[in-house]
Amino acid sequence: MSTAAAALAASGHPGFLSPTGVEIAFLLVGIATLGAAVVTVTTRQLVHAALWLVVALGGIAVEYLLLTAEFIAWVQVLIYVGSVVVLLLFGLMLTKAPIGRSPDADSGNRWAALAVAAAAAAALVWVVVDAFRTTWIDLDGPVQGSTKVSGEILFQHWVLPFEALSVLLLAALVGAIVLSRKNGPDNGPNDGKEQR
């Protein structure tokens, strides 16, 4: 055992090879969330995709709770699970989407989509690692995930992005209304022929 590992064990702090219960729960919830996200984009049943999206977004909220960021967790539940997914389900119901399997839900560009998703994930990981490589959390300061600290940071430094993200709900609502008002070729009262 090296001197650094011996010093870490003597200090009473768990190391990488001795995770705490919270870290194990974080890892397990992360794996379940990743599995739900994969099922969301691979299933051919639209309603099942929406329900698996609820599981994935709920898993992210649980991750925030495990990180002691209760405010962000409840924002995740209220905005994404409580609003966006409900609007998505309303859109599915109003457009009379098929309940069963939808063979036309697959566009045939699976490999291109997989390549784009892998590139986007690699870029996101690189940006996050590069941005927070030298950032350290002051453990003796105020709790970083508390409502007070999150609110101060959000409304002092991130007001414009926060307001820009709020447009997401409006876009989802407008999209649901537009999709519900589209008439198919045989749904409209005047389907190209004169009513006599």
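Predicted model: local features only at pLDDT ≥ 70, side-chain atom pairs only at ≥ 80, totals over all residues.
Local features need pLDDT of at least 70 and side-chain atom pairs count only at pLDDT 80 or more, while totals for chains, interfaces and linings use all residues. Residues are numbered from 1 along each chain as its sequence is written, and side-chain values use heavy atoms, with hydrogens and water left out.

**Fold**
- The protein chain has seven helices and zero strands, in the order α-α-α-α-α-α-α from the N terminus; helices (H or I, at least four residues) and strands (E, at least two) are DSSP runs, numbered from the N terminus.
- Contact means heavy atoms within 4.5 Å; of the contacts between residues at least 6 apart in sequence, 65% join residues at least 24 apart.

**Burial and surface**
- Of the 196 residues, 15% count as buried, where buried means under 20% relative accessible area, exposed over 50% and partly exposed in between (1.4 Å probe, protein chains only).
- The protein chain exposes about 14900 Å², and carbon and sulfur atoms supply 71% of that area; accessible areas come from the Shrake-Rupley method with a 1.4 Å probe, and for residues only the protein chains shown count as cover.

- Leaving aside residues up to four places away in sequence, threonine 33 touches Ala56, Gly59 and Ile60.
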